[in-house]
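This briefing accompanies a structural model and its sequence. Please consult both while reading the points that follow.

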Amino acid sequence: MANCQLVIPNSSNSTEININGFGKTITFKALTYSYFEENRYSDLIDEFNKYSKDNNLDIYIQLNALSPKNSSLHTSDYASTVDLLLQKKSNKYDIYIYNFIFSQKYGPYLMDLKELLTEEEINQYNPKYLSSSYYDNKLVGIPLRLEYNILYYNELLLNKYQKEVPKTWDELIETAKFIINEESKINNTIIGYNGMCPDSETGTTSLFDFLYSFRNTVDSPFPEINSPELKNALVKLKQIKNEISNEELFSMSTINIYFDLFNDKSLFIKYVNREDDASVFNYKIDKSFKMGILPGNKENISGSSIWADNIGITNFISDEKKEKANIVMSYLTSKENQRKLILKFKSYSAITSLYKDEKICKEIDCHFFEKNQFFVRPTNNYSNYEQYSEQFRHYIYDYLFKNVDLDKTIKYIDDITKVHYVKISTEESSVGLIMTIIASILIFIIILYSIFLLYKNIIDYFIIYPVDFWFLSIFGIIIILTVCFVEIGKITVIKCFLKELLISIGFTFNTIPILYKLIIDYPNENKLFKWIINNRYKFLLCFMIIIIIFIINQNYQVENVIVRNGENFQILIKEINNVETQYEISALYPNIFIDTFYIIISYIKEYIKFNNCIYLFILNGGLHILFSISNWAFLIYLGTIMINTNGKNDKPKINVKDAKFSIKTSVYDNSKSKNESFTDNKEEYITNITSIQSTQI
């Protein structure tokens with residue numbers, strides 16, 4: 001013990017670490033949290049430091065153990081603190097001891113222990129208890145100890161009325177009701193059962209215990225959300241609460257359960273099998289209470305959720321520490337040290353072969369452990385298990401304590417296990433089909449109207465843009481409308497990329513003609529504008545290259561949005577004037593305003609929290625359709641004005657084929673007006689411009 005002192009932050013008796021006999025020592029800093037002043041892992045760390053010194057390993061572990069007595073942090077705060085440190089890639093700590101439910105949250109920042117431990121060292125742990133310690137196929141934690149829930153029963157009261165320990169929930173209800181009734185005859189109030197359903201992760205584990213105990217056979221998986229088994233389980237749980245317990249007892253915290261219920265007034269108590277609590281709390285459970293397995297819906301079927309303290313090591317430690325990390329983790333997770341933890345604290349290990357050790361089985365009931373039917377919570381199925389857990393228990397609590405309809409409760413629970421998205425089918429909603437039809441009809445109308453303009457040979461009247469750029473703008477509108485189809489179905493990173501690409505291209509195709517027109521009509525000449533006028537396709541290509549580079553260099557992430565009393569969905573997250581032509585230029589301002597408004601709204605909606613994927617889909621699709629209709633209508637409006645204007649001046653029509661050819665072959669000539677670059681048919685074009693100028697004046 002002389003080689004290591006437990007560091008207590010913000011404490012008056014804090015001491016500096018004194019390492020005697022060490023040469024150039026590599027120090028690993030470890031962080032853990034404990035409810036109790038005496039930390040379970042301080043002896044383990046001391047033993048390692050002694051082992052390191054005796055073998056000249058030049059490795060030292062400094063343990064920082066937070067607790068309510070030396071820190072204002074609670075367990076939830078501790079989890080958030082660890083998360084913040086890891087996200088910042090802080091080197092303040094190298095080793096973290098954490099609740100295994102955070103394996104998915106911390107996983108990206110922790111080393112793969114398969115690279116540090118041998119296959120033999122890993123395989124000594126029961127794979128069932130390691131299953132929730134994986135992140136993206138990486139083993140990011142090893143359980144140092146296990147906990148699980150059990151049933152404590154008052155043996156004196158059962159013997160008094162010659163009742164057996166219940167094996168089913170119906171037997172527990174029947175026995176409790178009988179004894180409560182009999183004791184009331186002698187003015188003795190008995191607590192039948194507590195439920196252990198506080199508003200914390202403890203409550204979630206207790207609910208999983210109960211629901212798991214309603215599976216059909218021992219080997220059956222956890223009941224499906226919409227199964228009769230799960231529905232029957234919830235009905236039974238509410239019956240227990242109403243007939244032999246109450247909301248106050250069900251909601252009681254584990255600390256209050258320990259101090260307030262283990263007395264002669266209680267019959268059945270659900271609590272954690274944590275035998276070292278007596279020494280820590282300096283309070284022993286009444287000897288009349290014995291440990292039993294939690295009942296089930298049928299005999300020989302039970303359920304108990306596993307807790308685990310995992311140990312992991314960050315993947316951004318120095319190269320020096322990486323070379324020594326295997327020695328540290330191999331020692332701390334060794335079978336021998338698991339054995340020592342069991343003997344000292346009467347805790348439980350994920351190395352199940354230890355339950356064949358006679359010395360261990362004298363300290364704990366090995367047979368009792370092996371009889372339990374354990375359930376490992378699905379923590380690795382969710383990127384944010386905390387949020388899932390909170391919603392899961394709140395829905396059930398609303399049913400238990402607020403009388404929310406059972407079918408609604410089951411639907412709510414089912415919803416949080418699913419990710420909803422808009423489909424083209426009408427099974428859940430017709431919004432997808434309606435939006436698809438609207439977008440398709442609009443695309444058809446736009447294409448048909450464009451063909452009509454070509455057929456009637458009047459498109460040349462739309463002289464505000466070159467003909468090819470007018471079609472480019474139309475094509476941009478159609479591309480934006482096609483985004484409505486991309487919005488259909490499950491969101492993926494590829495679809496996110498495609499959506500951004502289509503929006504960017506469509507927007508560019510719609511705005512480049514405007515920009516080009518402004519450049520043409522700019523009163524002052526410069527080399528850049530000359531180059532753009534002579535090379536408008538290269539100008540367009542430059543924009544396209546910039547857009548594609550910008551999109552490719554963006555990181556896209558799909559995030560799940562969990563909605564309270566609603567359906568979960570996913571969102572995308574990104575981790576980037578001439579007086580002579582005054583009329584034409586001013587006419588472009590509404591189009592610029594529309595496009596700017598589209599951009600602003602598109603960005604604003606990224607910061608709005610939506611609680612329904614249908615509403616989000618309607619907004620996205622409606623925005624695309626509104627943008628497309630407004631821009632298309634604007635083009636038609638401009639065309640109508642140009643037709644009316646030119647019609648009054650008896651403007652001769654230009655053949656569409658000639659117009660197309662002239663545009664393709666246009667060049668810039670300093671001796672000509674900038675507008676003449678539109679066409680090689682100079683006389684007709686100049687006449688055109690003159691007529692419009694006369695009208696404006």
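Thr 32 counts as buried at 1% relative accessibility, where buried means under 20% relative accessible area, exposed means over 50% and partly exposed lies in between (1.4 Å probe, protein chains only). The model is predicted, so local features need pLDDT of at least 70 and side-chain atom pairs count only at pLDDT 80 or more, while totals for chains, interfaces and linings use all residues. Residues are numbered from 1 along each chain as its sequence is written, and side-chain values use heavy atoms, with hydrogens and water left out.

**Surroundings of Thr 32**

- Thr 32 lies in strand β1, which covers residues 26–33.
- Setting aside residues up to four places away in sequence, Thr 32 touches Asn 39, Tyr 41, Leu 63, Asn 64, Ala 65, Leu 66, Tyr 78 and Ile 97; contact here means heavy atoms within 4.5 Å.

**Whole chain**

- The protein chain contains 27 helices and 12 strands, taken as DSSP runs numbered from the N terminus (helices H or I, at least four residues; strands E, at least two).
- Of the 697 residues in the protein chain, 53% are buried.
- The accessible surface of the protein chain is about 33200 Å², and carbon and sulfur atoms account for 54% of this area; the areas come from the Shrake-Rupley method with a 1.4 Å probe, and for residues only the protein chains shown count as cover.

**Cysteines**

- A disulfide is a covalent bond between the sulfur atoms of two cysteines.
- With a disulfide defined as a pair of cysteine sulfur atoms within 2.5 Å, the count is 1 disulfide.
- Cys 361 and Cys 366 form a disulfide, with their sulfur atoms 2.1 Å apart.
- The link of Cys 361 and Cys 366 is left-handed, with -110° about the S-S bond.
- Cys 361 is partly exposed at 29% relative accessibility, whereas Cys 366 is buried at 4%.
- Cys 496 is buried, with a relative accessible area of 3%, and Cys 542 is partly exposed, with 38%.

**Nonpolar surface patch**

- Ile 424, Leu 433, Ile 437, Ile 441, Phe 444, Ile 445 and Leu 448 make a nonpolar surface patch of about 620 Å².
- Patches consist of residues with over 30% relative accessible area and no salt bridge, joining like charges within 9 Å and nonpolar side chains (Val, Leu, Ile, Met, Phe, Trp, Tyr) within 5 Å; a salt bridge is a side-chain nitrogen of Lys or Arg within 4 Å of a carboxyl oxygen of Asp or Glu.
- Leu 448 belongs to helix α19, residues 431–455, and is partly exposed at 47% relative accessibility.
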